[in-house]
Amino acid sequence: MNKMLLTLITVCSFIFSTSHVHAKEVIVEIYKKQFIPSEVIIDVGDTIIWKNLEKRQYHNVWFKGSGEEEPDYFFPDESYQRKFEQFGSFAYECGPHPKMKGAVIVKKAGQ
Ligand SMILES: [Cu+2]
């Protein structure tokens, strides 16, 4: 095979494997005023999708400890999603229901 082409393929597959392939979506369900699971461990670049599976109750996902503004509520059959670009441990709660707590632990890729 042409050497240049081989190099190109190697470089491309490296870039692809380190950035895109491993990014995943993780579902957290909200039901009976609980985040299920309440703690998730993900890699940098992953996205969490919170799905409201209640019959009537609205919720939100508020990273209050990070000093963020309270986000909008989302209702049954709606979802809220967020991509995590930095590693660390992030606690959150539901604005209207402070007893509902969760945490996202973002680890560096490969750890
Ligand atoms: Cu709530």
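## Starting at I36

I36 is found in strand β2, residues 35-36 (strands are DSSP runs of E, at least two residues, numbered from the N terminus). This is a predicted model, in which local features need pLDDT of at least 70 and side-chain atom pairs pLDDT 80 or more, while totals for chains, interfaces and linings use all residues. Residues are numbered from 1 along each chain as its sequence is written, and side-chain values use heavy atoms, leaving out hydrogens and water.

With a relative accessible area of 36%, I36 is partly exposed (buried is under 20%, exposed over 50%, partly exposed in between, with a 1.4 Å probe and protein chains only).

## The sheet around it

Let's step back to the sheet. Four strands form an open sheet with mixed pairing, in the order β2-β1-β4-β5. β2 and β5 (79-83) stand at the edges with a single partner strand each, so one side of each lacks a neighbour in the sheet.

The partner of β2 is β1 (residues 25-30), paired in the antiparallel sense over two bridges; pairing needs at least two DSSP bridges between the strands. Opposite I36 in β2 stands E29.

## A look at N52

Strand β4 (residues 47-52) holds N52. N52 is buried, with a relative accessible area of 1%. Its side chain reaches the backbone oxygen of F74 at 3.0 Å, and a polar atom of that side chain lies 2.9 Å from the backbone oxygen of Q57.

Beyond its neighbours within four places in sequence, N52 is in contact (heavy atoms within 4.5 Å) with several residues, including I30, Y58 and D77.

Key:
A polar contact is a pair of N or O atoms within 3.5 Å; within protein, one must be able to donate a hydrogen and the other to accept it, and residues adjacent in sequence count only if both atoms are side-chain atoms.
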